[in-house]
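Visitor: Hi! I have a model open and would like to talk it through with you. Could you look at it with me?

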Amino acid sequence: MVMRSSGVSRKLALAGARRLFSTRAVANQTVVAGATKALSSTVTVPVWTKTTAVYWGQSGYGLRSRSTLALGEKDGDEQKKQTKSGAVSDGGHSNKDEKGIISYWGVPPSRIIKEDGTDWKWSCFRPWDTYKSDISIDLKKHHAPTTFMDKLAYWTVKAMRWPTDLFFQRRYGCRAMMLETVAAVPGMVGGALLHCRSLRRFEHSGGWIKILLEEAENERMHLMTFMEVAKPKWYERALVFTVQGVFFNAYFLGYVISPKFAHRMVGYLEEEAIHSYTEFLKELDKGNIDNVPAPAIAIDYWQLPADATLRDVVLVVRADEAHHRDVNHFASDIHYQGLELKEAPAPVGYH
């Protein structure tokens, strides 16, 4: 009898331990209420249509209370029904397409209202990231290659242009898309390397990390814009994978070996971009390419008028490339003078 009761005790203890350390979902009104209370005291929630509450650390539940608790199946079903019916949150608005998450950490996205009273719909950039591009910039400026490094950078870019001309010919929409997948790489690589250098040496960067990362983001926004104009085919996407993989690693090594060569090459690359967009404009003016309305993302990003067209978009993108040309040639000149970038303040905000 003693041995049997001992065996039963062990089974009961094991079952209790399994329940104690389980992470299975529990439909417990106290826990859900605690989560709701914690949320309401720490965050002002905008309009949500899909609600998932996660609570961590409710006292009185032993070790189980220290794990992340999922809501019970019953509550989950109720939330699904509420979402499908278009739940109405604060403000009395409903939108079936909106998705949101209520989190214990209190970091929901803020609701931004445009000047005309409509909601700001872009999450990839905010109103304070927008600007009016200076299209009066001199587009004909050119750095004549004189040193060996300059000539190497110049002819490297010329060699890169030849297969691009052969592949895309006069399909300038697809050409611009491919160009931006490459042009967005140098700023990110240079900014990341300068960032790591700053950390290693415990020193400031003179603003160059910021401006190079902003350049990369600006080039990426060019790509997001032209994605609305030219839809890439499967083989063009495959080409992007190949070109980006090769160019990223090659530019990384080039920047590590010689930053002055890397920046000079980007300067020449931007000069070629200016030429490509000038040809794009000529085709638009001839009527060979339809001057369609500008994508909504371009109108908001560059603060263009509501009736802007593709031609207006190409103008501001070309101006951006001219500014990137100046910044990278300037960075290369700093290195040629035997200085480091941190010794010359970066032209932050130069658009």
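Visitor: Where does Pro305 lie?

Guide: Pro305 lies in the loop between H9 and H10. Helices here are DSSP runs of H or I with at least four residues, strands are runs of E with at least two, and both are numbered from the N terminus. This is a predicted model, where local features need pLDDT of at least 70, side-chain atom pairs count only at pLDDT 80 or more, and totals for chains, interfaces and linings use all residues. Residues are numbered from 1 along each chain as its sequence is written, and side-chain values use heavy atoms, with hydrogens and water left out.

Visitor: Thanks. What is the relative accessible area of Pro305?

Guide: The value is 47%, so Pro305 is partly exposed. Buried means under 20% relative accessible area, exposed means over 50%, and partly exposed is in between (1.4 Å probe, protein chains only).

Visitor: And how far apart are the C-alpha atoms of Pro305 and Ala294?

Guide: They are separated by 9.5 Å, with the two residues 11 apart along the chain.

Visitor: Which other residue is found in the loop between H9 and H10?

Guide: Gln303 is found there, between helix H9 (296–301) and helix H10 (310–336). Its phi is near 55°, a positive value in a residue other than glycine. Most residues other than glycine have a negative phi. Gln303 counts as partly exposed because its relative accessibility is 33%.

Visitor: What about Phe202, what is its phi?

Guide: Phe202 has a positive phi of about 55°, although it is not a glycine. This residue lies in the loop between H5 and H6. With a relative accessible area of 78%, Phe202 is exposed.

Visitor: Let's zoom out. How many helices and strands does the protein chain have?

Guide: There are 10 helices and zero strands. Along the sequence the pattern reads α-α-α-α-α-α-α-α-α-α.

Visitor: How much of the chain is buried?

Guide: Buried residues make up 41% of the 351 residues. The chain exposes about 20800 Å², and carbon and sulfur atoms supply 59% of that. Those areas come from the Shrake-Rupley method with a 1.4 Å probe; for residues, only the protein chains shown count as cover.

Visitor: And what share of the contacts joins residues at least 24 apart?

Guide: Among contacts between residues at least 6 apart in sequence, 75% join residues at least 24 apart. Contact means heavy atoms within 4.5 Å.

Visitor: Now the helix packing. How do the axes of H5 and H8 cross?

Guide: The axes of helix H5 (residues 172–201) and H8 come within 11 Å and cross at roughly 160°. That makes H5 roughly antiparallel to H8. Axes are lines fitted to C-alpha atoms, for helices over the stretch in contact, and angles run from 0 to 180 degrees between N-to-C directions. Angles under 35 degrees count as roughly parallel, over 145 as roughly antiparallel, 65 to 115 as roughly perpendicular and the rest as oblique.

Visitor: Which residues make that contact between H5 and H8?

Guide: On the H5 side they include Tyr172, Leu179 and Pro186, and on the H8 side Leu269, Ala273 and Phe280 are among them.

Visitor: What about H6 and H8, how do their axes cross?

Guide: The axes of helix H6 (residues 208–226) and helix H8 (residues 259–286) come within 15 Å and cross at roughly 25°. So H6 is roughly parallel to H8. Leu212, Glu215, Glu219 and Phe226 in H6 meet His263, Val266, Glu270, Tyr277 and Phe280 in H8.

Visitor: And how do H8 and H10 cross?

Guide: Their axes come within 8 Å and cross at roughly 160°. H8 is therefore roughly antiparallel to H10.

Visitor: Back to loops. Where is Arg170?

Guide: Arg170 lies in the loop between H4 and H5. Its relative accessible area is 54%, so Arg170 is exposed.
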